[in-house]
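Please examine the sequence and structure shown below. A written account of the chains and their contacts accompanies them.

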Amino acid sequence: MSLTGTPLSPQRRRFLQDSARAAGGCVVAGSLLAWLARDARALPAEALRPPGALPEEAFLSACIRCGLCVRDCPYDTLKLAELGVDAVATGTPYFTARDVPCEMCDDIPCVAACPTGALDPGLDNIDDAKMGVAVLVDQENCLNFLGLRCDVCYRVCPVIDEAITLETAHNDRSGHHAMFIPTVHADRCTGCGMCEKSCVLPEAAIKVLPARLARGSSADHYRKGWEEKEAHGGPLVEGIIDLPDRLPGPGTDNLTTPGGFTPSYDLPGVGQ
Amino acid sequence: MSARTHLPVGQEAIQVKGWIGAHRFLLLRRTSQLFFLALFLLGPWFGVWVVQGTLAGSLTLGVLPLTDPLILLQSIVAGHWPELTALIGGLIVLVAYALIGGRVYCSWVCPINPVTDAANWLHRKLDLPKGWQPKRSTRLWVLATVLIVSALTGVIAWELVNPITMLHRGLIFGAGFVWAMIAGIFVFDLFVSRHGWCGHICPVGAFYGLIGSKSLLRVSATNRAACDDCMDCYAVCPENQIISPALKGKPGTTPLILSPDCTNCGRCIDVCAVDVFNFTHRFDDHVAAPSDPVPAPDARAARPI
């Protein structure tokens, strides 16, 4: 009796067994591969992608790891991640600002070299690049924060006076000097890393971080009253009575502030 | 059992055709592999920029873009539509291999091939058992898995482990620990599974096999009537399941090796002392009559393999 074609046929049984075995093997292998793929997304904070790089998840679907961007980089800024050496997805391009920063070439040769669009060809002005955001991470060691005039990060910034400005502040330590605080403006900072590279300290006090680490975000519903008022050209609500501001007095702790409010009565424990 | 059964594989061919003649395609193939590697290395080593990039994607003489079509396919299923340059490059590669045989890439270009060939050579010298032999279709399952994982994770998945591009990139850009992966493949092919990586697992080979399944360039057992059953071709062929249909086919069947698994390496042509095989095109299915100038020698005891 032939069982061919019936549910009991040995061919059918073997086919089902083989398929199940192959599918099982594929699920195991595929899971390992998927685990690697998830792992690959964890880009270390020091590793910066080239200008125009798509957001990391899209980048890993687009970069074929050919190295053409590395070849066309005239300053040898870019390198390809090596297996087991760099924590970046193997073979993808990145740079470390403290080693070799991006020189921000006008013609952006790395983007022009990319065959797949992993580096967005829509980036035609290098000043619009967003490789990261510089952050003055160590205010305790930054020389300018100590009241000195180092200014190196500010001087080397290719977008000087826009991406980094020096904001004056009172130097409480000396009492009569100004401090010139290097201040990064994230909307203009390209993340090229010239400031981090040039910081004179043994370990840079200013570092380029990926935007996800460097930046907070404002809540959508927040409004700055002073901006709204200025845009409106006056108070937003008519007829508001401007009550007098409360002056220092009882219940506050600055009774002895020079030139402050002197109460007409003495409070116990307040040395006069 | 005659003394001949203990001859090393290819010994008769060497006696008949000389060492060079019996290694013609092997030498050509090594030359080709070195040539393609040298093209990529001329730039970084000597500053002569003929080809930039790697096997994943390259630019030749500043004008000819080439892209690995499997990587492009993964990129597309991962959700990225590549720019035109990469698509054109992928199309050129696709068409070229569709014509000359997809797995020509495996035996004439791929830098892993010398590694697995070396492992197989040593395997044969040490007379090791063939070991774990998963089905030949395993690589197709791996290929499907790679595409599914790419689609699910949005990452070009095989490039996370692909030893071909890793070795190639490693030689050109700096290797890191790629040598450990290459050593792993060597050991796998030597001790765990004969022809294991290239013959059973590698999804790149599976993909190139698929693109070349209707290719023009074919090996044909035109002179199969002269076969003396020495089995040397079976011993050297990395995909020896493909030989029998052509070599041992009944009269009237095609002598062409039409399997997409054939890598067109030409080793069967090299090791055959009676010149059964030759390169031809897929429409040339003529079979030399037994009365051809090369007469069939007397049949003799088959060499055990």
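Predicted model: local features only at pLDDT ≥ 70, side-chain atom pairs only at ≥ 80, totals over all residues.

Residues are numbered from 1 along each chain as its sequence is written, chains are lettered from A and ligands numbered from 1 in the order in which they are written, and side-chain values use heavy atoms, with hydrogens and water left out.

**Chains**

Chain B contains 14 helices and five strands; helices (H or I, at least four residues) and strands (E, at least two) are DSSP runs, numbered from the N terminus. Its radius of gyration is 20 Å, close to the 19 Å that the globule rule gives for 305 residues, so chain B is as compact as a globular protein of that length. The radius is taken over C-alpha atoms, and the rule is 2.2 Å times the number of residues to the power 0.38. The C-alpha trace of chain B spans about 60 × 40 × 40 Å along its principal axes. The mean positions of its 23 positive and 18 negative charges are 3 Å apart. Here Lys and Arg count as positive and Asp and Glu as negative, without His and the chain ends, and a charge is placed at NZ of Lys, CZ of Arg, CG of Asp or CD of Glu.

Chain A, in turn, has eight helices and seven strands. Of its 272 residues, 38% count as buried, whereas for the 305 residues of chain B the value is 52%. Buried means under 20% relative accessible area, exposed over 50%, and partly exposed in between (1.4 Å probe, protein chains only).

The accessible surface of chain A comes to about 16,400 Å², with 55% belonging to carbon and sulfur atoms; for chain B the values are about 13,500 Å² and 70%. These areas come from the Shrake-Rupley method with a 1.4 Å probe, and for residues only the protein chains shown count as cover.

Among contacts (heavy atoms within 4.5 Å) between residues at least 6 apart in sequence, 75% in chain B join residues at least 24 apart. The corresponding value in chain A is 59%.

**A buried serine**

B:Ser215 is placed in the loop between α11 (203-211) and β4 (217-220) of chain B. This residue is buried, with a relative accessible area of 1%. Neighbours within four places in sequence aside, B:Ser215 is in contact with B:Tyr97, B:Ala98, B:Leu99, B:Ile100, B:Gly101 and B:Arg282.

**Salt bridges**

A search of the whole structure finds 17 salt bridges over all chains, each defined as a side-chain nitrogen of Lys or Arg within 4 Å of a carboxyl oxygen of Asp or Glu. Among them are the following.

| Pair | Closest N and O atoms |
|---|---|
| B:Lys135 and A:Asp18 | 2.6 Å |
| A:Arg49 and A:Glu56 | 2.7 Å |
| B:Lys17 and B:Asp275 | 3.1 Å |

B:Lys17 lies in helix α1 (residues 11-21) of chain B and B:Asp275 in the loop between α14 (267-271) and β5 (278-281), so this pair ties together parts that are 258 residues apart in sequence. B:Lys17 is partly exposed at 26% relative accessibility, as is B:Asp275 at 38%. Salt bridges that share partners also join B:Arg103, B:Arg136, B:Arg139, B:Glu239 and B:Asp261 into one network.

B:Lys135 forms its salt bridge with A:Asp18. B:Lys135 lies in the loop between α6 (112-125) and α7 (138-153) of chain B and A:Asp18 in helix α1 (residues 10-40) of chain A, so the pair joins two chains. Both A:Arg49 and A:Glu56 are buried.
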